[in-house]
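The entries below follow the order in which I went through them.

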Amino acid sequence: MNNLPVALLLGLALTFPAWADDAAALERSDHQPAAHYLLAGAPTFDMTVAQFREKYNAANPNALLQEYRAIDSRGDKSNLTRAASKISETLYASTALEQGTGKIKTLQITWLPVPGPDMKAAQARAMDYMTALLRFFIPGLSPEEGRKKLDSLLSAGKGARYFARTEGALRFVVADNGDKGLTFAVEPIKLALATP
């Protein structure tokens with residue numbers, strides 16, 4: 001788990017948002033506001049990470065997630081519990097949970113590209129996990145449609161530290177830090193009724 005701290009730092013720190021829901025990708029030199037899930041009153045998914053993992057694993061027997069382990073966050077003032085699950089040496093799942101309820105505020109898959117003969121296979125595996133996460137929240141998509149949607153999101157966020165697209169009650173986030181890592185996240189958003 002030597003890469004775990006790096007993956008968590010990338011996965012949790014890179015998913016900072018712009019203030020608009022469908023913000024354009026931020027360039028590397030732009031100011032980094034706080035991540036949506038860190039803001040006061042940020043919504044949660046109506047499930048704990050254990051409930052998510054059980055349902056996700058049942059739906060994705062070829063892309064299983066191991067148990068999430070809490071990460072020491074004594075110096076963290078966000079009042080969130082952070083946890084991670086190692087998939088491989090270069091692939092991690094992470095989450096931020098609401099303290100007290102344990103409900104999920106964000107779910108993330110982070111791939112750390114390591115040059116070498118296994119890089120293409122590791123990237124393909126990362127894309128499989130990211131597609132499975134996307135399809136978990138949009139279950140009507142076929143594997144091909146899910147991959148096409150993921151490719152569209154990753155293309156839109158290519159080279160940007162933050163890109164978000166909102167669809168219904170979901171925010172899909174891409175944080176591309178080049179050779180230092182790529183994170184794909186799914187977060188809930190609050191829906192508001194339009195006022196006449």
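**Glu167 and its partner**

I note here that the model is a predicted one. I then looked for the partner of Glu167 and found a salt bridge with Lys149, with the closest N and O atoms 2.7 Å apart. Lys149 sits in helix 4 and Glu167 in strand 5 (residues 163-167), so the pair ties together parts that are 18 residues apart in sequence.

**Other salt bridges**

How many salt bridges does a search of the whole structure find? I got five. Besides the Lys149 and Glu167 pair, I wrote down two of them.

Arg171 forms a salt bridge with Glu187, and the closest N and O atoms are 3.2 Å apart. This pair links distant parts of the chain, with Arg171 in strand 6 (residues 170-176) and Glu187 in strand 7 (residues 182-188), 16 residues apart. Are Arg171 and Glu187 buried or exposed? I found both of them buried.

Arg147 and Asp151 meet through their side chains in a salt bridge of 3.0 Å, N to O. Here both residues lie in helix 4, four residues apart, which is about one turn of the helix. Arg147 is partly exposed at 31% relative accessibility, and Asp151 is partly exposed with a relative accessible area of 34%.

**Chain layout**

I stepped back to the whole chain. I counted four helices and seven strands in the protein chain. Read along the sequence, their pattern is α-α-β-β-β-β-α-α-β-β-β. The chain has 196 residues, and buried residues make up 46% of them. I also looked at contacts with a separation of 6 or more: residues 24 or more positions apart account for 50% of these.

I looked up Thr110 next. Thr110 lies in strand 4 (residues 104-111). At 1% relative accessibility, Thr110 counts as buried, because that value is under 20%. Which side chain does Thr110 join in a polar contact? I found Thr183, at 2.8 Å. I also took a C-alpha separation for Thr110: Lys86, 24 residues apart from it along the chain, is at 10.0 Å.

Thr90 came up as a contact of Thr110, so I followed it, leaving aside neighbours within four places in sequence: Thr90 is in contact with Thr110, Trp111, Leu112, Val114 and Ala122. The place of Thr90 is in the loop between strand 2 (80-88) and strand 3 (91-98). I recorded Thr90 as buried, at 13% relative accessibility.

Where does Thr44 lie? I placed Thr44 in the loop between helix 1 (4-13) and helix 2 (49-59). Thr44 is partly exposed, with a relative accessible area of 24%. Not counting residues up to four places away in sequence, Thr44 touches Glu98, Lys103, Ile104, Lys105 and Pro188. For a C-alpha separation I took Thr44 and Lys190, which are 146 residues apart along the chain and separated by 9.0 Å.

**The largest pocket**

I left the pocket search for the end. Rolling a probe the size of a water molecule over the atoms shows where empty space is left. The largest pocket holds about 260 Å³ of space. I listed its lining at 15 residues, of which Gln123, Leu154, Lys158, Asp176 and Leu182 lie nearest the centre. The elements that give two or more residues to this lining are helix 3 (119-137) and helix 4 (143-156). Which element gives the most to the lining of the largest pocket? I found that helix 4 does, with four residues. Sorted by class, the lining of the largest pocket has six nonpolar, four polar and five charged residues.

How values were computed:
Residues numbered from 1 in each chain as written. Predicted model: local features only at pLDDT ≥ 70, side-chain atom pairs only at ≥ 80, totals over all residues. Heavy atoms only, no water. Buried < 20%, exposed > 50% of the residue type's maximum accessible area, 1.4 Å probe, protein only. Contact = heavy atoms within 4.5 Å. 1 Å grid on protein atoms, 1.4 Å probe; cavity = no way out; pocket = protein on both sides within 12 Å on 5 of 7 lines; lining within 4 Å. Points joined across faces, edges and corners; volume = space filled by probe spheres on them. Nonpolar A, V, L, I, M, F, W, Y, C, P; charged D, E, K, R; others polar. Polar contact = N/O pair within 3.5 Å; in protein donor to acceptor, adjacent residues only side chain to side chain. Salt bridge = Lys/Arg side-chain N within 4 Å of Asp/Glu carboxyl O.
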